[in-house]
Amino acid sequence: MKQSREAGNRLLEVALDLAADGGHIGLFPHERLDADAVGAAVSLARALRFQGCASTVVVGEPVPESLQHLPGLEELLFYDSASCPVFDLALAIDCHGADRLGARAACFLKTPLRGAIDHHVHEGEAGDLELIDAGASSTSELVFGMIWDLELYLGRPVFDSTMAVLLLAGAITDTGRYSYSNTTPLALRQAAALLERFDIDVSQLNYDLYERTTVERLQIKGDILSTIRLAGRGRILLAHATRAMLDRRGAPDDELSNLASEIRAAEGAAAAFLLVEGEDGSIRVSIRSNSCFDAAAFAGRVGGGGHVRAAGMTLGDLTMEEAETLLAREAEAQLEDCLNEGARE
Ligand SMILES: [Mn+2]
């Protein structure tokens with residue numbers, strides 16, 4: 001906690017120095033934008049801009065339809081390899097570095113001075129300009145802390161209503177509406193502070209983030225739930241969506257990962273896997289876990305990552321059937337191991 005505050009303050013110092021020198025900061029949220037990545041990035045960019053520091057959020061894809069209700073998105077810069085500037089400081093947001101930036105990695109790496117703000121589990125020491133805190137419920141929580149400290153330092157308000165909605169959206173989605181085990185007193189206090197200061201329609205925000213749906217989405221949800229199969233004596237649940245299934249319903253695949261959490265809710269489930277076929281034929285896997293099953297460790301073995309209870313990875317060169325069989329076998333083995341370990345302790 002103390003360390004992450006120091007790292008945040010270090011980042012702010014560098015940013016304010018850059019502001020004085022006419023510097024330019026680039027913020028790079030991870031690909032497959034979610035509310036936390038975009039909310040944290042845009043909020044921090046605004047806060048820095050108000051201090052006179054040119055700040056640009058560089059994205060590689062249009063904001064998914066499900067997030068277009070968020071404010072402040074008009075300022076996003078769409079990445080274009082020809083025009084991507086060299087920044088004075090480049091920050092990876094809600095990810096640790098270039099590997100989750102897709103095509104923007106080259107642009108990010110072009111800037112010699114780089115840092116990150118992230119709450120995903122990461123091996124190894126954080127660098128000087130890296131605020132990495134796996135104990136934080138969201139990157140929005142970390143950015144809230146930075147802006148809060150900036151206000152204390154400057155002695156005047158920095159938050160605005162756009163940041164308030166964005167940071168709340170990031171916190172709400174990353175904590176599953178303050179229901180996941182990562183929900184901390186701090187996350188709730190931050191929400192309270194934002195609601196005290198700004199007139200936010202929480203009910204509308206929750207509807208926009210969670211409830212708004214379409215008939216196509218309800219149908220594809222039904223299709224996917226009907227594919228659930230069991231492994232590991234019923235403790236591992238796997239479900240999938242092929243391209244053909246998505247195309248048949250004309251459903252976008254941008255918010256299916258919530259379904260993985262729904263599947264995990266089945267009584268007795270230790271781990272839930274949702275496999276979604278991408279347009280390039282690769283298979284994106286969302287993992288949600290209960291009990292001793294470490295989703296981040298599982299995903300990490302094949303280049304994925306995330307959190308203990310929620311992680312993801314991508315598999316290539318496998319059919320859906322092969323991928324499910326492989327995941328079922330590997331997950332059974334990991335579950336056996338962690339159950340045995342627990343029994344020995
Ligand atoms: Mn996040």
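What follows is a chat about domains, cores, strands and a few single residues.

Author: Two ground rules. This is a predicted model, where local features need pLDDT of at least 70, side-chain atom pairs count only at pLDDT 80 or more, and totals for chains, interfaces and linings use all residues. Residues are numbered from 1 along each chain as its sequence is written.

Reader: Into which domains is the protein divided?
Author: Domain bounds come from an automatic or database domain assignment. Here they give domain 1 (2–209) and domain 2 (215–344). The C-alpha centres of domain 1 and domain 2 are 28 Å apart.

Reader: How many residues of domain 1 are in contact with domain 2?
Author: Two residues are in contact if their C-beta atoms, placed from the backbone, lie within 7 Å. By that rule, 8 residues of domain 1 are in contact with 9 residues of domain 2. On the domain 1 side that touches domain 2, there are 3 nonpolar, 4 polar and 1 charged residues. In that tally Ala, Val, Leu, Ile, Met, Phe, Trp, Tyr, Cys and Pro count as nonpolar, Asp, Glu, Lys and Arg as charged, and the others, Gly among them, as polar.

Reader: Which residues have the most contacts inside the largest nonpolar core?
Author: The general idea first: in soluble globular proteins, nonpolar side chains tend to be buried together. A residue is buried if 20 or more other C-beta atoms lie within 10 Å of its own, exposed if 12 or fewer, and partly exposed in between, with C-beta atoms placed from the backbone. A nonpolar core is a set of buried Ala, Val, Leu, Ile, Met, Phe, Trp, Tyr and Cys residues joined through C-beta atoms within 7 Å. In this model the largest such core has 63 residues, and Leu-27, Ala-41 and Leu-91 have the most contacts inside it. Helix α2 (residues 35–50) supplies the largest share of this core, 10 residues. There is also a second, separate core of 36 residues, including Phe-273 and Leu-335.

Reader: What does Leu-27 touch?
Author: Setting aside residues up to four places away in sequence, Leu-27 touches Ala-41, Leu-44, Ala-45, Ser-55, Val-57, Val-58, Leu-91 and Ile-93. As for strand β1 (residues 24–29), 5 of its 6 residues are buried.

Reader: Where is Ala-35, and is it buried or exposed?
Author: Ala-35 lies in helix α2, and it counts as buried because it has 27 C-beta neighbours inside 10 Å. Ala-35 and Asp-208 are 173 residues apart in sequence, but 11 Å apart in space, C-alpha to C-alpha. Neighbours within four places aside, the contacts of Ala-35 include Leu-67, Ala-169 and Leu-209.

Reader: In what order do the 6 strands of the open sheet run?
Author: Strands of a sheet pair through backbone hydrogen bonds, either parallel or antiparallel. For the bookkeeping, two strands pair if DSSP finds at least two bridges between them. The order here is β7-β8-β9-β10-β12-β11, with mixed pairing. The edge strands β7 (229–231) and β11 (305–306) each pair on one side only. Between β7 and β8 the pairing is antiparallel, with 3 bridges.

Reader: How does β9 pair with β8 and β10?
Author: Strand β8 (residues 236–241) and β9 pair in the parallel sense over 6 bridges, with His-240 partnered by Leu-275 in β9. On to strand β10 (residues 283–289): 7 bridges join it to β9, and the two run antiparallel. Here Val-276 has Arg-284 in β10 as its bridge partner. β9 and β10 form a hairpin with 5 residues between them, and Gly-281 in the turn has a positive phi of about 90 degrees.

Reader: Why is strand β9 described as largely enclosed?
Author: Because 7 of the 7 residues of strand β9 (residues 271–277) are buried, it is largely enclosed by the rest of the structure. Ala-271, Phe-273, Leu-275 and Glu-277 point one way, Ala-272, Leu-274 and Val-276 the other way, and all are buried.

Reader: And is Met-313 buried or exposed?
Author: Met-313 sits in strand β12 and counts as buried, because it has 21 C-beta neighbours inside 10 Å. Among its contacts, leaving aside neighbours within four places in sequence, are Val-285 and Ala-299.

How values were computed:
Helices (H or I, at least four residues) and strands (E, at least two) are DSSP runs, numbered from the N terminus.
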